[in-house]
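Thanks for passing this model along.

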Amino acid sequence: MLYSKLLGKTIKSVSADEESINAQYLIRGGFINKQMAGVYNYLPLGLRVLTKIQNIIREEMLAVGANEVLMPSLTQEESYKITGRDNMDVLFRCEGHGGTKYVLNPTHEEVVTPLVQKFVFSYNDLPVGVFQIQNKYRNEPRAKSGILRGREFNMKDLYSFHTDENSLNEYYEVMKKVYHKVYDRLGLGELTILTYAAGGAFSRYSHEFQTLCAVGEDTIYTCTKCNIGINKEIITEQTSCPECGNVDLIEKNGIEVGNIFKLRTKFSEAFGFKYSDNSGQEQLVEMGCYGMGPSRIMGTLVEVFHDDKGIIWPESIAPFKYHLIVLGKEEETFEMAQKIYNKMTANGSEVLFDDRRDVTAGTKFADADLIGLPVRMIVSKKTIEKQSVEVKKRNSDKSELELIENYL
RNA sequence: CGGGCUGUAGCGCAGUUGGUAGCGCGCGUGGUUCGGGACCACGAGGUCGGAGGUUCAAAUCCUCUCAGUCCGACCA
């Protein structure tokens with residue numbers, strides 16, 4: 001992609017009101033643009049990051065056999081009356097013709113349960129996992145911290161349906177592993193730990209995945225022996241590590257980047273979702289729910305991977321791998337850079353080419369650092385004299401010359 | 001939802017005891033620069049968040065309201 005044609009250039013200053021690192025760098029770098037509190041536009045660079053995160057999540061969900069669907073954002077209020085959740089204070093409400101009331105879904109149990117119910121009748125149809133990647137709407141009393149807590153945000157939500165609790169438990173354990181795999185691929189693996197949190201009406205605990213980070217809004221206690229956390233909200237009832245019994249716990253902050261919990265029969269009961277078992281008897285379906293927010297993960301990545309100059313994207317989700325810079329005004333220098341860009345792009349490399357801009361080298365370097373692509377390449381009169389291009393990694397201070405012909 | 005702070009040019013900000021609005025960045029034109037956010041000249045761009053009030057006169061004072069943000073509460 002040509003930087004000169006990109007909608008969303010870097011900007012030097014951002015409002016002093018934006019305190020969070022993720023908001024500052026993402027806005028300054030031209031990744032996102034704020035429309036209002038907790039609601040953001042994703043510009044081309046930001047959308048590429050978000051899409052890469054979504055694709056990694058999607059691949060892993062599909063790999064364990066889940067069905068991807070897309071459910072509506074708009075749902076009749078009636079569905080929430082059935083489950084008794086029509087009084088949730090995070091609901092955004094709206095009205096249609098004739099005063100019909102709708103809500104914008106803050107989560108999709110009320111949609112997915114009746115949907116799956118239409119296609120699942122027998123134990124032969126179970127278990128089944130259904131997920132989507134879609135925007136959620138929650139009227140947060142206080143949106144904050146850039147894209148870490150928004151009123152409209154992107155989420156992968158998966159719902160599993162089972163004949164019995166054992167099947168639910170098995171699936172639940174599979175999802176724990178899959179979640180860890182996703183965080184590994186996102187570059188967050190080492191910092192992200194399984195955390196015990198408050199459960200719902202039918203299970204003692206739910207589990208969160210917390211990325212350890214000083215600015216995280218959750219307080220968790222981590223076990224010094226195993227890689228497990230305990231959310232502060234349950235620390236009065238759970239004062240030791242649930243997995244190893246260790247009472248030596250350290251307080252840390254975390255960003256909740258995932259949450260899984262067992263719904264059991266709460267929603268199947270509300271909608272009368274039953275299946276026929278192998279003796280022909282009707283039984284309630286057991287359910288689990290597994291959430292993960294790509295937009296929040298994007299913010300988390302910036303909070304975790306940055307320095308005083310800008311973002312340092314992990315390669316797996318960087319919007320482009322290479323940031324190609326051409327220095328100097330000589331036509332032949334530009335042509336060489338253009339040739340390299342064409343060749344690399346044709347070979348499938350993802351290159352952001354800072355092509356023709358009448359700015360100084362320093363500006364281009366500063367922009368490259370801010371945008372944070374993994375590899376910076378420079379073509380200039382100097383490098384061409386040495387038949388080479390200068391290559392530098394964003395996370396390193398060292399640069400080296402590589403032969404131009406390697407890129408042609 | 002409580003408490004604090006903030007709304008002035010596209011963005012970031014200044015604006016004194018009320019007297020009719022400025023700076024930086026960015027943008028346009030021309031020129032000098034060209035390996036770590038260069039510089040000069042000229043130029044375009046604002047009914048000062050909104051409504052009402054006080055006053056000869058309001059960005060400035062008063063009331064209400066909307067919005068942003070931080071702290072707290074809340075957060076399947």
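1. Two strands count as paired if DSSP finds at least two bridges between them. Strands (E, at least two residues) and helices (H or I, at least four) are DSSP runs, numbered from the N terminus. With that in hand, S22 and strand S23 (residues 399–403) run antiparallel and are joined by five bridges. Lysine 392 has serine 399 in S23 as its bridge partner, and a hairpin of five residues links S22 to S23.

2. A word on provenance. This is a predicted model, in which local features need pLDDT of at least 70 and side-chain atom pairs count only at pLDDT 80 or more, while totals for chains, interfaces and linings use all residues. Residues are numbered from 1 along each chain as its sequence is written, with chains lettered from A and ligands numbered from 1 in the order in which they are written. Chain A has a mean pLDDT (the predictor's confidence in each residue, from 0 to 100) of 95, and 99% of its residues reach 70 or more. For the complex, the predictor gives an ipTM of 0.93 and a pTM of 0.97.

3. Strand S19 (residues 322–326) runs parallel to S20, with four bridges between them; isoleucine 325 has aspartate 354 in S20 as its bridge partner.

4. Now the helix pairs. H2 and helix H5 (residues 165–185) have axes 10 Å apart and pack at an angle of about 150 degrees. The pair is therefore roughly antiparallel (under 35 degrees is roughly parallel, over 145 roughly antiparallel, 65 to 115 roughly perpendicular, the rest oblique). Ile56, Ile57 and Glu60 in H2 meet Val178, Lys181, Val182 and Arg185 in H5, where a contact means C-beta atoms, placed from the backbone, within 7 Å.

5. Which residues does H2 bring to H7? From helix H2 come Val49, Leu50, Ile53, Gln54 and Ile57, which meet Pro294, Ser295, Ile297 and Met298 in H7. The axes of helix H2 (residues 44–63) and helix H7 (residues 294–304) come within 9 Å and cross at roughly 115 degrees.

6. Please also check the sheet of three strands, which is open and antiparallel, in the order S4-S6-S5. Its edge strands are strand S4 (74–76) and strand S5 (92–95), each pairing on one side only. Neighbouring strands here are turned by 35 degrees against each other on average, direction ignored. S5 and strand S6 (residues 101–104) pair over four bridges in the antiparallel sense, and cysteine 94 has tyrosine 102 in S6 as its bridge partner.

Definitions and conventions. Axes are lines fitted to C-alpha atoms, for helices over the stretch in contact, and angles run from 0 to 180 degrees between N-to-C directions. Two residues are in contact if their C-beta atoms, placed from the backbone, lie within 7 Å.
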